[in-house]
Amino acid sequence: MSTLARIVPNSAHPADDAAELSRLEARLPPLLSVIAGMVDLTGFFTLGHIFTAHITGNLVVAAAAAVQGGPFNLAQALAIPVFMLALAVVWLIAQASHRRGPSLARLLLLVQFLLLAAVLIFSVITKPSTSQHALMAGIAVMIAVSAMACQYALLRLAIPGAISTAVMTGNLTNTVLSLMDLSSSRHPLLPVDADRLRRSLHLLFGFLAGCVIAAAAVSWLGDWAWSLPVGLAAVAIGIR
C-alpha cells in the first residue's frame with residue numbers, strides 16, 4: 001500500500017488530499033499557536049492562574065502553592081488527568097469517524113471550535129472570573145483544557161508532519177540553536193533545515209502574539225475575551 005493511501009485510505013483522490021495536507025501543515029499551525037496563546041493567557045487571568053494550554057505548568061504552580069502553604073486548587077490537580085482523558089476521547093472520535101488527513105483535521109477543528117464556544121458561553125453566563133477558585137471556574141478550566149487537548153491531538157493524528165503548538169520550550173530551543181548554527185562559520189551541529197527554523201519562528205511569534213492580544217482583551221472585555229480564540233477557531237475550520 002502506498003504512503004498516500006495510508007494517509008487517506010478512503011479518499012478517491014489521494015493526490016489532492018496529499019496536496020491539501022501539505023497546505024494545512026504550512027498554514028494551520030501558526031494560527032493554532034495564536035489560539036493556544038490566547039487560551040493559555042485568558043485562562044490564566046480569568047480562571048485562577050491555571051494553564052489551560054501548557055498543562056504541565058500546573059504541576060509547577062501547584063507545587064509552589066504547596067510549599068508556600070497557599071490554598072489548594074483542585075482544578076490544577078485535575079487539569080492533567082482531564083487532558084489525558086480528552087486526548088483519549090479525541091482518539092476515539094478519530095477512530096469512529098474513519099477519517100484521515102485533511103478530512104479528520106476539519107472534523108477535529110470543528111470539535112475544538114465547539115469546545116471553545118462552550119467556554120465562551122459558559123463564562124459569559126456564570127462569570128467564573130469573579131470567583132476563580134469556585135466550581136464554575138473549575139468547570140470552565142476543564143472545557144478549555146479539553147479544547148487544547150483536541151488541538152494537540154489533531155496535529156498528531158491528522159497532520160503528523162506539523163510542528164507542535166504545545167512545546168514552546170522545544171520550539172525556542174530549536175530556534176536559538178539553529179540561529180547559532182546559521183551565524184557560525186564552523187561546521188553546523190544541527191542538520192540544516194531552514195524551513196523548520198522558519199516554522200518554529202512562526203509558532204513562537206504566533207503564541208506570543210496570542211498572549212499579548214489576550215492580555216489586552218481580558219483587560220477590556222473580561223469574560224468576553226474568550227470570543228477571540230473562538231473566532232480564530234472558526235477561521236481555522238475554513239483554511240484549505
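How are α4 and α6 oriented relative to each other? The tour comes back to this pair after a look at the whole protein.

**Before selecting anything**

This is a predicted model, in which local features need pLDDT of at least 70 and side-chain atom pairs count only at pLDDT 80 or more, while totals for chains, interfaces and linings use all residues. Residues are numbered from 1 along each chain as its sequence is written, and side-chain values use heavy atoms, with hydrogens and water left out.

**The whole protein**

Begin with the cartoon view, where the secondary structure comes to 9 helices and 0 strands; helices (H or I, at least four residues) and strands (E, at least two) are DSSP runs, numbered from the N terminus. Switch to a surface, and the protein exposes about 12100 Å², of which carbon and sulfur atoms supply 70%; such areas come from the Shrake-Rupley method with a 1.4 Å probe, and for residues only the protein chains shown count as cover. Of the 240 residues, 42% count as buried, where buried means under 20% relative accessible area, exposed over 50%, and partly exposed in between (1.4 Å probe, protein chains only). Among contacts (heavy atoms within 4.5 Å) with a separation of 6 or more, residues 24 or more positions apart account for 76%.

**Helices α4 and α6**

Now select helix α6 (residues 135–158) together with α4, and the two axes come within 8 Å and cross at roughly 45 degrees. The axes are lines fitted to C-alpha atoms, for helices over the stretch in contact, and the angles run from 0 to 180 degrees between N-to-C directions. α4 and α6 are therefore oblique to each other, since angles under 35 degrees count as roughly parallel, over 145 as roughly antiparallel, 65 to 115 as roughly perpendicular and the rest as oblique. α4 passes α6 in a right-handed crossing, a term used if the near helix is turned clockwise from the far one by less than a right angle, with left-handed used if anticlockwise. Show side chains here, and the residues of α4 that meet α6 include A75, L78, V82, F83 and W91, while those on the α6 side include G138, M142, C150, Y152 and L157.

**Helices α4 and α5**

The crossing of α4 and α5 is right-handed.

**Two buried residues**

Select Q76, which is placed in helix α4 and counts as buried because its relative accessibility is 8%. Leaving aside neighbours within four places in sequence, Q76 is in contact with G48, H49, I50, N58, V61 and A62. Next select R199 in helix α8 (residues 194–221), which counts as buried at 17% relative accessibility. Not counting residues up to four places away in sequence, R199 touches E25, G161, A162 and I163.

**The aromatic rings**

The structure holds 3 aromatic pairs, where rings of Phe, Tyr and Trp (its six-membered ring) pair if their centres lie within 6.5 Å, with planes under 30 degrees apart counted as stacked, over 60 as edge-to-face and the rest as tilted. One of them is the tilted pair of F44 and F45, 6.3 Å centre to centre with 50 degrees between the planes. F44 counts as partly exposed at 22% relative accessibility, and F45 counts as partly exposed at 39%.
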